[in-house]
Structures are given as C-alpha cells and as structure tokens.
Amino acid sequence: MVTQYFSDNYFEARGKFLAAAKKSDAKIESHRNPNGAGPDGQDIYTDVAVFGDPDSPKILMIVSGTHGNEGFCGSGCQIAYLQKGLIQQRADDTCVVMVHALNCYGFANVRRVTEDNVDLNRNFVDHNKSYPDNVGYADIHHLLVPQDWTAESVKQANNGLAIYRSAHGVGALQNAISGGQHTHPDGVFFGGFKPSWSNTMLRTIVNQHCLEKEHVALLDFHTGLGPNGVGELILNGDFKQSYERAQRWYNDEVTSFQDGSSTSAELTGMMCFAFLDAMPADKLTGIAIEYGTVSGAEVLSSMRFDNWINLHETPDTDRWREGKQAIRDALYCDNDEWKEKVWARAQWVLKHTYKGLGSI
Ligand SMILES: [Zn+2]
C-alpha cells in the first residue's frame with residue numbers, strides 16, 4: 001500500500017521525509033522560513049536533500065509544495081521514491097536534489113499561496129520591469145473575491161463570471177482568473193510585488209546545484225487540474241529549447257499552454273524561471289506533473305473561499321474550518337485509489353526521466 005507514504009499534515013510529512021532521506025544517506029539542508037510560521041506558531045522549513053555527488057554532471061531536481069498544500073501529493077511521492085529505493089537507482093553520473101515543501105508556509109497552513117498571499121508559480125517574473133498584463137482579472141476581481149461569502153452572494157458572483165464567459169469565451173475567462181495578476185494583492189492568483197521567500201530560496205538552491213551542468217531535469221509536483229488521478233505532464237521549461245526533447249523523454253505525452261495542448265491557462269512567472277534565469281535553456285528538461293483531483297469549479301471555489309476566510313475570519317470559527325477542509329480536499333484526494341494512481345504515474349515519470357538523462 002502506498003498510502004503510508006502520504007501524510008496528514010506538513011509536520012508529519014517533514015518528519016517522514018527527513019527520516020527517509022537520512023536513511024538514504026542524503027546530505028540535508030534545512031531552510032527556515034523567517035517570514036511565516038505554522039498554524040500554532042511553529043518554525044517551518046523547506047528541506048533540501050542531496051543524494052550522490054553534487055559535482056555530478058547531471059542533476060535531477062524533484063520539488064514538492066510549490067503550491068503549498070498541493071505538497072500532500074508531492075511529498076508522498078518524494079517519500080515513496082526514497083522508501084522504495086528508486087533514488088538509489090539513479091545513474092552514477094546523476095545527483096538527485098529533492099526540495100521538500102518549497103512553499104512550506106502554504107503546506108503547513110493548508111493554503112495554496114505563500115505567507116504573502118502569492119501564487120508562487122506566478123512569482124518568478126522580473127520584478128524590476130513592468131508586470132505582464134492581465135486586464136481581464138481586474139474586471140472580475142470583485143466576483144472572485146466577493147465581500148460576503150454566503151450561498152446567495154456566491155451564486156450572484158458565479159452568475160457574473162458566467163456572463164464574462166459568454167462575452168469573452170472559456171479560454172479568456174480561464175486566463176483572466178488563473179494566468180496570474182500583479183494588481184490585486186488581496187486577490188487570487190496574485191503574482192506578488194516582489195520575490196517571495198520561497199522564490200529567493202529556490203534561486204539559491206538552483207545556483208548552488210545546477211550551474212555549469214551537462215543537463216538538469218526538473219520534476220515539480222502539482223495537483224488540482226484535469227481528470228481525477230491523471231498526471232498531466234506540462235512543460236516546465238523553455239518551449240523552443242526543450243519541448244521536443246521532453247516529448248522524446250516522455251513518450252509524446254507532454255503538453256504546453258504555448259501550443260494550446262495543456263489544460264493550464266497561459267501562465268507568467270512560473271518556477272522554471274529560477275532555472276532559466278541562471279542556466280542555458282537547452283540544458284533544462286522540466287515538467288510539472290499535474291494530477292487531477294475534483295472538478296475545476298470546485299478547485300476554484302475552494303481557493304476563493306480560502307482567500308475569503310483569510311481576509312475575514314479567524315482560525316477559531318466554523319467557517320474557517322469549513323474553508324480549510326474545502327481547500328485540503330480540493331487539492332488532495334485522501335483515498336487509496338487516488339494515491340495508487342498518483343504513485344503509478346510518479347514511478348513512470350521517474351523511470352522515463354532516468355532514461356532521458358541517460359540519453360544526453
Ligand atoms: Zn500547482
């Protein structure tokens with residue numbers, strides 16, 4: 001049963017990850033997030049475990065929790081990779097670097113966003129330049145984040161979103177909602193006004209481990225898009241310099257929003273820019289593994305509700321608990337069948353990544 005590798009909360013996941021990594025002779029670095037804490041004020045950490053010689057010509061980086069509580073899934077896969085001995089099966093010329101709970105604040109507090117309400121996978125833009133435009137978001141912000149969260153107010157807001165969809169099309173609505181925005185810090189899919197702590201941390205890790213390498217492979221675990229239990233492989237690198245290679249590695253199963261094949265919106269500021277800003281684009285083959293959970297409408301609703309309780313409620317209220325449960329369930333299916341599917345895909349992906357790195 002794979003279910004033992006998954007955890008009920010961030011702290012349990014961290015304990016399991018560190019124990020499994022130590023058993024596999026990892027060199028571990030723990031980075032405390034100085035800007036955020038756990039729900040009871042605990043210290044929280046992004047942990048980096050290095051397996052093998054850091055001077056190896058090839059690096060495989062495996063990341064969980066870029067989107068906070070999507071880490072329930074990614075952490076489980078990282079721990080299973082370790083416990084089942086699959087990391088030990090890497091080639092001699094490959095060093096594996098695991099980043100556990102990149103957005104540790106979100107994982108610990110069951111939020112998709114960081115301590116500054118930032119969607120980390122929209123935060124890797126150049127903050128010294130003008131931000132990418134998302135004019136559509138401003139039109140619907142008041143609908144996504146209504147003043148009240150009652151059955152009636154949500155229904156009205158959803159009607160407003162349906163009107164926008166009729167006028168502009170499904171794709172335009174999806175891009176407006178989830179493409180990323182830099183105008184409403186209290187909104188959803190906010191890309192931030194500056195690099196978040198987790199952004200700076202990832203850049204530090206990349207600079208430490210990925211420069212001047214023959215090749216770097218990147219697996220970043222996500223949940224919440226697509227059909228239940230299916231792991232869509234979305235290109236997480238430069239389209240021109242890596243799409244064809246990624247297709248070769250992964251049996252032509254890779255999708256990209258750049259050619260319209262992905263269920264994802266057109267994103268800006270993805271985490272792969274931590275790599276692309278530091279190394280040649282043709283040296284990176286990256287994918288995001290995006291596992292489907294519940295319907296897109298339920299995922300979005302849970303994120304909006306979570307945003308709302310963080311603006312208007314305190315942790316001791318029933319509404320808060322209701323909101324927490326909703327976003328937990330929307331991004332993590334806590335049942336054996338789903339976890340088995342997730343794990344089967346994760347194994348397949350690792351096998352193909354090793355083979356791909358071997359072909360370089
Ligand atoms: Zn995600």
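Predicted model: local features only at pLDDT ≥ 70, side-chain atom pairs only at ≥ 80, totals over all residues.
Visitor: In which strand is Thr-46 found?
Guide: Elements are DSSP runs numbered from the N terminus, helices being H or I of at least four residues and strands E of at least two. Thr-46 is found within residues 45-51, which form strand β2.

Visitor: Which residues is Thr-46 in contact with, and how far in space is His-31 from Thr-46, C-alpha to C-alpha?
Guide: Leaving aside neighbours within four places in sequence, the contacts of Thr-46 (C-beta atoms, placed from the backbone, within 7 Å) are His-31, Asn-33, Val-99, His-100, Ala-101, Leu-102, Cys-104, Ser-198 and Met-201. His-31 and Thr-46 are 15 residues apart in sequence, and their C-alpha separation in space is 5.2 Å.

Visitor: Where is Glu-212 placed, and what is the value of its phi?
Guide: Glu-212 has its place in the loop between α7 (197-209) and β5 (215-228). It counts as exposed because it has 8 C-beta neighbours inside 10 Å. Although Glu-212 is a residue other than glycine, its phi is positive, near 55 degrees.

Visitor: In which loop is Asp-252 found, and what is its phi?
Guide: The loop that holds Asp-252 lies between α8 (239-249) and β7 (254-255). Asp-252 counts as exposed, since 8 C-beta neighbours fall inside 10 Å. Asp-252 is not a glycine, yet its phi is positive, at about 60 degrees.

Visitor: Which residues of α12 do those of α2 meet?
Guide: On the side of α2, the residues involved are Cys-73, Gly-76, Cys-77, Ala-80 and Tyr-81. Their partners in α12 are Lys-339, Val-342, Trp-343, Ala-346 and Leu-350.

Visitor: How are α2 and α12 oriented to each other?
Guide: Helix α2 (residues 71-83) packs on helix α12 (residues 336-358) at an angle of about 60 degrees, with axes 10 Å apart; axes are lines fitted to C-alpha atoms over the stretch in contact, and angles run from 0 to 180 degrees between N-to-C directions. Angles under 35 degrees count as roughly parallel, over 145 as roughly antiparallel, 65 to 115 as roughly perpendicular and the rest as oblique. The orientation of α2 and α12 to each other is therefore oblique.

Notes
Residues numbered from 1 in each chain as written. Contact = placed C-beta atoms within 7 Å. Buried ≥ 20, exposed ≤ 12 C-beta atoms within 10 Å, placed from the backbone.
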